Amino acid sequence: MRIKFPHVLPIAAALATTMSVGFATEIDLWFIPMSSEGPMKEPLLKWMKDTLPKELPGITVGDNYGPPIYQDAQQKFIVQGRKGKPDVIEAVLEGMIAYQRAGLLAPVDDLFDRWSDKDQFIPSTIKALTLNGKLYGVPYNTNVRVLLYRKDLFQKYGMTPPKTWDEMLQDAATISAKESGVAGLGLTTKNGSVRTFQEFISFFFQVNNGENPYKYDEAGKKWAMNTSPEKFGQVLKLYSDCFFAGNPPAVNQNTRGNDYQATDTDYVSGKSAMVPMGPWIYQYRANGEVAKKILEEETGVAPLPLPPGGVQATYLEVKPISINAFSKEKDAAWELVKALTSKEFIAMANRTEGVNPPRKDVAELPEFKNDWWEQAFIAQLPTGVALAPINWGLVINDITEAMQKAIYKNQAPEDAGKELYNTLEQRAEKNQL
Amino acid sequence: MSSVLRSENNALTLWQNLSRKSFGYAILFPALLVILGLNLYPTISGILTSFTNQSLIDPGHSVYVGLENYFKLLKDPVFQISLLHSLELTFFAVVLQVILGLVMAHLLIQKVPGIHFFRSVAMITWVLPIIASVVMFRFMTLPSYGFVNILLKDVGQERLARNWFGDETFAFLLVLIMHLWRNVPFYAVAFMAAMQAISSDLYEAARIDGAGEWRQFWFITLPNLRYIILVMVVLHVTFTFNNFDFVFLSTGGGPVNATEVLSTYIYKQAWNGYALGYASAGGVIMLVVLVFLVLVCNKFIKGLSEE
């Protein structure tokens, strides 16, 4: 049987396809919003399936995007990272610091400097990911904590958004007293919870001149305290007052120990009138008409109220995408990092989640520029303070434990502040950071 | 001639014995290897790690620190309270599980219409994954939308409504209730199976002698259940003392360490603080306490067997 030329073509095409697949570089990516159930998952996966292959021909990305929770991903990566997998990892800032300390991240300074898009990134977000003078990731998402308040309720009772802690307590107590079933303020107070810590540290930055509780002592070559017991006591007193000053108090005492799910749900269902919050809550619009109305029509955004003599400062969240230092495919990994921090990807992902873009060209897009929600949060970005590059794990436990001692009346806020200061000081002295 | 034969026979027997033993060892070897690899090696490695300052985020710089981790642990008030909570939880959970398991077994063994349905349903709590049970309890006790609080509100007791898992007084009690809710039916089914094996002649003889229900239970049922009770106690002392998921998933050890147990405390040291050496020392202490508890239980079993 003679093989005619037209018959050879499909065979050759099939062979070529097989060979190209055979030679494609395979890399693994852990990207938590792609594996955890939520409004983000579907659009992100669609982008990975439809757009990424066109952006990165010759590179295939495994479809297991890692554990669905940051804490789980953190534990697993610290244990298995040295095997080189995943090649690329998305993280929260606290996690990235731990990975860097463990020697698991490759610095990307040189690659980033050669990238034509580098000037598009907001310098403060790059600074947050720079540890010991080296850049360990590229940001794809940023946001700060602000005060969300119910405009309709404030208007109803003739109040303006609070500018000080005292005003916040008074306004919250007024709403708690007058509005049945609504607490004036909602706080996250579960021990060990990262959200509890992020809220606490936002208030702390205000009393601590916008600085971290630790500062690196170049002479002693170790971390040292950069605050005072009184400052911790001041923030703990705020928490205590939220739950106990006034009748009814600003925060419902029955919500002590709530984690973020309850704080978020309470606000979008109308059970609380103010919350320290980040922009991600906007995705709850998909939860129903009540949530949609509250978030789109009845919510106002204001800077966090200030303590006497305090400075406008708040927790800056920056989510990086980093390369595993032990990856065998670092070039392909960098290509993936660039794709996941490209203008198109960030615009799609940030818009879906409602968070702020770390890229100037994305912030200039009409859907961001003309959106009141994005703009309200972007306006507060300059007040964001990045966390110091220490191991925050046990410090978060210490802080949330001290906060719980104050709100459960186990200790006076001043005493809890002193104890917290001593504990954190010991951690620095014993090199546990 | 006969001595040559005898020596040949002896040599044959020795060879046969040796090859039989070798065969036995050969069969045992893979299992032994698995046990050594999966149990003994990690245990010894954990004990050795407990004498170092090994950190998960600085694995290359581990230094021998002797007993320092142990001294630090024993002085740590959170460790002390965690140990106390673990012991309290183990004691109350196991004692109440036995008592309630006996009561439930007694009810399930009754011959009434529909009892087979209840016997089948009873095991659902044991079959449910722990995470599902905890999520269910958390939803039921949520401050605003929880079934428990809505019920209290409906019966005019709104003042009692609260975030149950966030309440210092009730959080530990709720953890205990979750243990009971899950395990009591398992005890009941095990006890019921043992009760069905008791000869009815014994009860008949007791009734003839004028013994009432209570005396029959005390003098016939209970003594016949002693082995299964002890087996269940040993199993659940280990299970409850080691249990991590109920506490971690429901309260994370809070509020203000009110539900902190050894397993959650050690977990936090290892995974939040990355202090592997320190956490391993906690694990070794936990192992020692558990071995002691199991030895005490075994002593009871041995005593009963000798009776």
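Guide: Across the domain boundary, 20 residues of domain 1 of chain A are in contact with 20 residues of domain 2 of chain A. Contact here means that the C-beta atoms of two residues, placed from the backbone, lie within 7 Å. This is a predicted model: local features need pLDDT of at least 70, side-chain atom pairs count only at pLDDT 80 or more, and totals for chains, interfaces and linings use all residues. Residues are numbered from 1 along each chain as its sequence is written, with chains lettered from A and ligands numbered from 1 in the order in which they are written.

On the domain 1 side, the elements that give two or more residues are H6, strand S13 (314-323), helix H19 (372-378) and strand S14 (384-385) of chain A. Helices (H or I, at least four residues) and strands (E, at least two) are DSSP runs, numbered from the N terminus. H6(A) gives the most to this side, with four residues. By class, the domain 1 side has 10 nonpolar, six polar and four charged residues. Ala, Val, Leu, Ile, Met, Phe, Trp, Tyr, Cys and Pro count as nonpolar; Asp, Glu, Lys and Arg count as charged; the others, Gly among them, count as polar.

Now the bounds. Domain 1 of chain A is 26-143 + 316-385, and domain 2 is 146-315 + 389-429. These bounds come from an automatic or database domain assignment. The C-alpha centres of the two domains lie 27 Å apart.

Helix H6 (93-101) of chain A also gives two or more residues to the side of chain A that touches chain B. There, 27 residues of chain A are in contact with 21 residues of chain B. H20(A) gives the most to the chain A side, with seven residues. That side has seven nonpolar, 13 polar and seven charged residues.

Next, a helix pair. Helix H11 (residues 194-207) and helix H12 (residues 229-244) of chain A pack at an angle of about 130°, with their axes 9 Å apart. Axes are lines fitted to C-alpha atoms, for helices over the stretch in contact, and angles run from 0 to 180 degrees between N-to-C directions. H11(A) is therefore oblique to H12(A); angles under 35 degrees count as roughly parallel, over 145 as roughly antiparallel, 65 to 115 as roughly perpendicular and the rest as oblique. Phe200(A), Phe203(A), Phe204(A) and Val207(A) of H11(A) make the contact with Lys231(A), Gln234(A), Val235(A) and Leu238(A) of H12(A).
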